[in-house]
Amino acid sequence: MASLLALAVLAQSTWWVDASAVPPGDGSIFSPYTRIDHAVAQPTTLSGDTVLVLAGTYPDERIDVGGRELTIASVGGPDVTVVEGAVSGSIVTYDDFDGRSVLRGLTLRGGRGSFAPSLVATAGGAVTIGRAGVTVENCVFEDCEADFGGAISARRESAPSGLDRRLVVRESEF
């Protein structure tokens with residue numbers, strides 16, 4: 001019985017987000033969450049999970065992935081899925097995990113960067129990455145600014161042998 005419970009905890013899940021849904025939702029396709037940051041912050045959202053974002057505009061988002069390996073992807077692509085930043089801070093923050101996360105098919109608009117104490121300045125207008133491996137695919141960055149890395153700021157720090165903490169950017173517009 002304990003082994004079945006362990007398998008259930010390790011199972012990968014897909015969580016749904018729809019800006020036009022009735023809040024708060026439960027993350028299912030039938031009752032999606034209404035905010036991406038809310039979906040990511042749930043204790044049931046675990047490393048290996050996927051957050052699928054339906055077409056729409058998502059205002060005032062500050063998505064902290066924490067120490068988890070997640071895929072955050074739009075269903076319709078960057079032309080119809082816009083994530084707008086809050087008044088300050090990066091829109092998406094990745095930090096301190098040893099796997100690979102994926103950010104795919106979103107327009108990230110209006111990020112202002114997070115304060116980086118080591119730089120005494122803001123960094124990563126849209127995306128801040130520290131001690132993590134992230135692949136950014138088919139994303140568009142609009143009106144994002146920071147003192148360092150207007151769209152993306154990635155700190156490269158030493159990783160134990162075999163860990164991939166690279167930033168990979170594919171088919172994206174800046």
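Visitor: Quick one to start. Which residue in S8 does Thr71 stand opposite?

Guide: Thr71 stands opposite Val102 in S8. Keep in mind that this is a predicted model.

Visitor: Which strands are S5 and S8, and in what sense do they pair?

Guide: S5 covers residues 71–74, and S8 covers residues 100–104. They pair in the parallel sense. Three bridges link them.

Visitor: What sheet do they sit in, and in what order do its strands run?

Guide: It is an open sheet of six strands. The order is S1-S2-S5-S8-S13-S16. The pairing is parallel.

Visitor: Which are the edge strands?

Guide: Strand S1 (14–17) is one, and strand S16 (167–170) is the other. Each of these pairs on one side only.

Visitor: And what does the twist average?

Guide: From one strand to the next, the twist averages 15 degrees.

Visitor: New topic: the backbone. Where is there a cis peptide bond?

Guide: Look at Pro23 and Pro24. A cis peptide bond joins them. Omega there is about 0 degrees.

Visitor: Where is Pro24 found?

Guide: Pro24 is in the loop between S1 and helix H2 (36–41). S1 is also one of the edge strands of the sheet.

Visitor: Now phi. What is it for Asn138?

Guide: Asn138 has a positive phi, about 50 degrees. Yet Asn138 is not a glycine.

Visitor: Which loop holds Asn138?

Guide: The one between strand S13 (133–137) and strand S14 (140–142). S13 also belongs to the six-stranded sheet.

Visitor: Why does Asn138 count as partly exposed?

Guide: Its relative accessibility is 34%, so Asn138 falls in the partly exposed class. That class lies between the 20% and 50% cut-offs.

Visitor: What about Asp143? What is its phi?

Guide: Asp143 has a positive phi of about 50 degrees, and Asp143 is not a glycine. Asp143 lies in the loop between S14 and strand S15 (152–155).

Visitor: Is Asp143 buried or exposed?

Guide: Exposed. Asp143 has 52% relative accessibility, and exposed means over 50%.

Visitor: Is Cys139 buried or exposed?

Guide: Cys139 is buried, at 1% relative accessibility.

Visitor: And why is Cys144 buried?

Guide: Cys144 has a relative accessible area of 18%. Buried means under 20%, so Cys144 counts as buried.

Methods: Residues numbered from 1 in each chain as written. Predicted model: local features only at pLDDT ≥ 70, side-chain atom pairs only at ≥ 80, totals over all residues. Heavy atoms only, no water. Pairing = 2+ DSSP bridges. Helix = DSSP H or I, 4+ residues; strand = E, 2+ residues; numbered from the N terminus. Axes fitted to C-alpha atoms, helices over the stretch in contact; angles between N-to-C directions. Buried < 20%, exposed > 50% of the residue type's maximum accessible area, 1.4 Å probe, protein only.
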